[in-house]
Number of protein chains: 2
Amino acid sequence: MTRWEPNAEERLRAAAIELFLERGYENVTVAQIAERAGLTRRTFSRYFADKRDVLFAGSDQLPGALADAMRRVDSTLAPFQAMLQALADVSEMLAERVAEYASQRREVIAASPELQERGHAKFAAVAAGLAAGLRERGADPSAAELFADVGVAIFRRGFDRWAAAPREATLASRIHEAANQLRDAAENISTT
Amino acid sequence: MTRWEPNAEERLRAAAIELFLERGYENVTVAQIAERAGLTRRTFSRYFADKRDVLFAGSDQLPGALADAMRRVDSTLAPFQAMLQALADVSEMLAERVAEYASQRREVIAASPELQERGHAKFAAVAAGLAAGLRERGADPSAAELFADVGVAIFRRGFDRWAAAPREATLASRIHEAANQLRDAAENISTT
């Protein structure tokens with residue numbers, strides 16, 4: 001009895017984001033999303049585990065993808081540079097997946113304390129993935145944790161700037177921009 | 001009927017940390033803490049709001065204290081350097097308060113996912129306090145967010161290193177050490 005529904009995933013996502021922005025993420029149900037999209041809850045379940053998954057699909061893979069990417073980066077690069085390279089590499093894949101709705105997604109998250117809370121946990125997992133990659137490349141454990149947290153800060157800020165205007169620049173270039181901004185600011189830290 | 005109990009706060013804190021380490025934070029009740037300290041629950045309530053407060057007393061003031069400290073820093077310093085200075089200044093106050101039990105406190109938190117989760121929210125609040133201070137000193141809003149996240153990363157790593165051996169170095173010098181480590185790593189970020 002399963003009908004094939006053209007563009008079901010995109011229709012569901014568009015309906016979900018529309019509703020999240022209208023009513024607030026917390027007040028939207030899966031049934032309402034399916035109804036708005038003109039599809040069934042059953043169809044929703046084929047594409048997403050729950051309403052949160054509409055926004056974060058694939059983000060569970062991010063820590064592992066980053067650790068993998070670090071292994072592929074030129075072995076002559078120092079750990080910190082290798083991390084930045086891996087962030088830029090993985091960002092291309094990520095940008096393709098979310099470009100269409102990045103800016104609205106950002107609005108939805110900014111309006112929801114619950115989603116921001118989940119975001120913290122998600123970024124802690126990303127930091128752990130980066131720290132693992134840094135240690136594999138020879139960073140001592142404490143430096144690995146510091147650099148990983150800084151990598152997440154650069155990534156988040158780059159992502160935010162990109163998502164505010166996804167057609168104006170690539171995600172990788174926004175990440176690069178944030179990294180350069182940090183380098184310029186850190187340059188004058190006194191050595192004493 | 002209130003009796004004066006000598007060193008009640010210290011006795012309660014020591015008992016709480018002992019129990020947290022023995023049984024895990026999640027499995028300890030306020031009644032057990034009071035009993036171990038040889039005091040009443042009522043006495044506990046005079047010093048702490050709940051068992052979490054034993055570990056985080058005063059941390060709600062941290063974001064505001066950091067924003068205040070940034071206002072006091074020499075106005076010729078660039079925003080990023082002013083932030084580092086404020087972190088070092090506030091750290092002295094913080095170190096005095098937690099030096100006695102910093103290392104055990106760290107162990108308790110490392111063993112509890114619940115406390116780590118709360119830690120994320122706490123650090124997000126600290127970042128917001130730093131970002132406010134950075135904006136006041138002229139950083140543009142997006143740079144302020146980036147620098148604040150990096151400031152938190154430096155602070156956390158410095159704090160962790162200090163807490164592992166609180167008598168070997170000051171908290172301020174550990175924060176400084178982490179900042180220098182980051183500067184050295186960031187130096188080679190390509191400018192292209």
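Residues count as partly exposed when their relative accessible area lies between the limits for buried, under 20%, and exposed, over 50%. The model shown in these views is predicted.

**View 1. A salt bridge joins E22(A) and R36(A).** The closest N and O atoms of E22(A) and R36(A) are 2.9 Å apart, and the pair links distant parts of the chain, with E22(A) in helix α1 (residues 8-23) and R36(A) in helix α2 (residues 30-37) of chain A, 14 residues apart. E22(A) is partly exposed because its relative accessibility is 49%, and R36(A), at 33% relative accessibility, is partly exposed as well.

**View 2. R71(A) and E136(A) meet through their side chains in a salt bridge.** The N to O distance of this pair is 2.8 Å, and the two residues, 65 residues apart, connect distant parts of the chain, R71(A) lying in helix α5 (residues 62-72) and E136(A) in helix α8 (residues 113-136) of chain A. R71(A) has a relative accessibility of 48% and therefore counts as partly exposed, while E136(A) counts as partly exposed at 49%.

**View 3. D68(B) and R71(B) form a salt bridge within one helix.** Both residues belong to helix α5 (residues 62-72) of chain B, where they are 3 residues apart, about one turn of the helix, and their closest N and O atoms are 2.7 Å apart. D68(B) is partly exposed, with a relative accessible area of 37%, and R71(B) is partly exposed with 48%.

**View 4. A network of salt bridges links residues of chains A and B.** The network contains R106(A), R157(A) and D160(A) together with E145(B) and D149(B). Over all chains, the count of salt bridges comes to 26.

Note on methods: Residues are numbered from 1 along each chain as its sequence is written. Chains are lettered from A and ligands numbered from 1 in the order in which they are written. This is a predicted model: local features need pLDDT of at least 70, side-chain atom pairs count only at pLDDT 80 or more; totals for chains, interfaces and linings use all residues. Side-chain values use heavy atoms; hydrogens and water are left out. A salt bridge is a side-chain nitrogen of Lys or Arg within 4 Å of a carboxyl oxygen of Asp or Glu. Helices (H or I, at least four residues) and strands (E, at least two) are DSSP runs, numbered from the N terminus. Buried means under 20% relative accessible area, exposed over 50%, partly exposed in between (1.4 Å probe, protein chains only).
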